[in-house]
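Okay, thanks for coming, everyone.

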Amino acid sequence: LGKAYQNMAMGDMAEATFNKIAHLKDNITAVKTIRVNYSTLPVGAKFELARIFLNNNRLDEAEKTLDSIIQKNHTIGPVYRLLGNVYSARGDQDLSKKFIIRAKDLPEISPVVDTLADKLDFISRSELYLPKQIDDAIKSANPAWALKLLGHALQYFPENKYLISKSIKFFLRMDAGNDALPYLDKNLNEFKDDFNEINEVGELLFEKGYYSQSIPYYSRAITLKPEDKEIQASLALCYLRAGRKDTAADLMNKLYEKNRNNDKVLANEVDFWLKSGEKEKAKSFLAKLRQVTNANPKVLKLSGMIAEADGNEKMAVSLYEEAFKNDPADMETARKLLYLQLMQKKWGKAIATLKSSLEYHQNEPFLLEKLGTLLVLCPDPEYRSTNEGLELSERAFCHIASPSATIISAGKSLAMGYATTGDFQTATFYINATINMARNEKVPQG
């Protein structure tokens, strides 16, 4: 009704309607649902009120309304985005940027649960309607609901190639890759001339450890784009990790013979032979790479990898630092440098590395959790910054893309951090949430 008033340009009636809903008690809107991310009716109404306030330049009311939401709920992305817009309207670009970045940690949408509409989803047989509902479930970070809708849709449209594609990608991203395997042959055949689809599924299979299954996808991708040397190197790694080293080595040798002076190919050769455990071959290709270019930051990174493989951690750190200085956006370099800095207890340098990397990867859960944990629990109290660490840890804990291990680690930091501030109620919340997560994931205690 409130939105209907908005559509008819009856702003006062819309505001009055939303205001009435916003003050309903929570128990009135309690629902049973398998969704884990959603808005209650009062929260949805407050959000609409804040939009009205912002559009009418009532910025104080908009800010107050949105603040009342995030005090109790830290997972509704559109609320943080709208709050960023409020601060932008105020001219406070720093706070605006902060909240808009935070919004990108979270689902794009947080729908108000409509149990009647949910029931209608399971009556629908529409090949247009159901895929949209599945997309909304995925975008709103409701995997169990998305899985249920996928199961329903596949039952009635088992030959729909777009639905199968959506299912494969969802299963792989949710670490349920075995459920995707029965659909791969059909997907590969249906999309055999679609490079983007073939490459995306191949990369997902590789990322999730399904190396044998990724081989036909990368092979087809090479047929479609034979000039793409990166895919050829990826195919070789698939063979290597699938236990077919001879085939992998043959591919890399042929790639080198055709591209002797290509710096990217030479860099991939160094990486491949290191992963094969053949350091001397890796060193020989590194020497060839240096002859072609010394300016590429990969030369420094690969030199660091070889130094680390040789057990020369001091040299490795020095090389990684120089590589990171030249290419601070390289996450692999950042991870390798950070690992050694933490091992050597160089807390200040580790914090600096994390902060620099976050400038280029503002929503990366790994960086958020590591920096948050270090600022809360650093063994050297001089480097602690509890409030900043808690904020970063909370972002990692609530992040839509955080794996379970990251959430658990962030939860521990939050529990201990809030305990040190004397907020034992919040600390207890995170202790219980983290224990439940660890139990569900069967994480060893200790």
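Before the helices, one term: a crossing is left-handed if the near helix is turned anticlockwise from the far one by less than a right angle, and right-handed if clockwise. Helices here are DSSP runs of H or I, at least four residues, numbered from the N terminus.

Quick housekeeping. This is a predicted model, where local features need pLDDT of at least 70, side-chain atom pairs count only at pLDDT 80 or more, and totals for chains, interfaces and linings use all residues. Residues are numbered from 1 along each chain as its sequence is written, and side-chain values use heavy atoms, with hydrogens and water left out.

Angles run from 0 to 180 degrees between N-to-C directions. Who touches whom? On the H16 side we have Ala267, Val270, Asp271 and Leu274, and on the H18 side Lys298, Leu302, Met305, Ile306 and Ala309. Contact, by the way, means heavy atoms within 4.5 Å.

Next, H13 and H14: how do they pack? At an angle of about 155 degrees, with axes 9 Å apart. That makes H13 roughly antiparallel to H14, and this crossing is left-handed. Among the H13 residues that meet H14 are Tyr211, Ile215 and Tyr218, and the H14 residues in the contact include Ile231, Leu235 and Tyr239.

Both of those helices, along with H10 and H11, pack against the buried residues of H12. Buried means under 20% relative accessible area, with exposed over 50% and partly exposed in between, using a 1.4 Å probe and protein chains only. The buried set in H12 includes Phe195, Ile198, Val201, Leu205 and Phe206. At its start, a side-chain oxygen of Asp194 reaches to within 3.2 Å of the backbone nitrogen of Asn196. After H12 comes Gly209, with a positive phi near 90 degrees.

Last one, H24, residues 404–421. Its 18 residues should span 26 Å at 1.5 Å a residue, and the end C-alpha atoms are 26 Å apart, so that agrees. Its buried residues include Ile407, Leu414 and Tyr418. Gly422 follows H24, again with a positive phi near 90 degrees.

Technical notes: Helices (H or I, at least four residues) and strands (E, at least two) are DSSP runs, numbered from the N terminus. A polar contact is a pair of N or O atoms within 3.5 Å; within protein, one must be able to donate a hydrogen and the other to accept it, and residues adjacent in sequence count only if both atoms are side-chain atoms. Angles under 35 degrees count as roughly parallel, over 145 as roughly antiparallel, 65 to 115 as roughly perpendicular and the rest as oblique. The expected span of a helix is 1.5 Å times one less than its number of residues.
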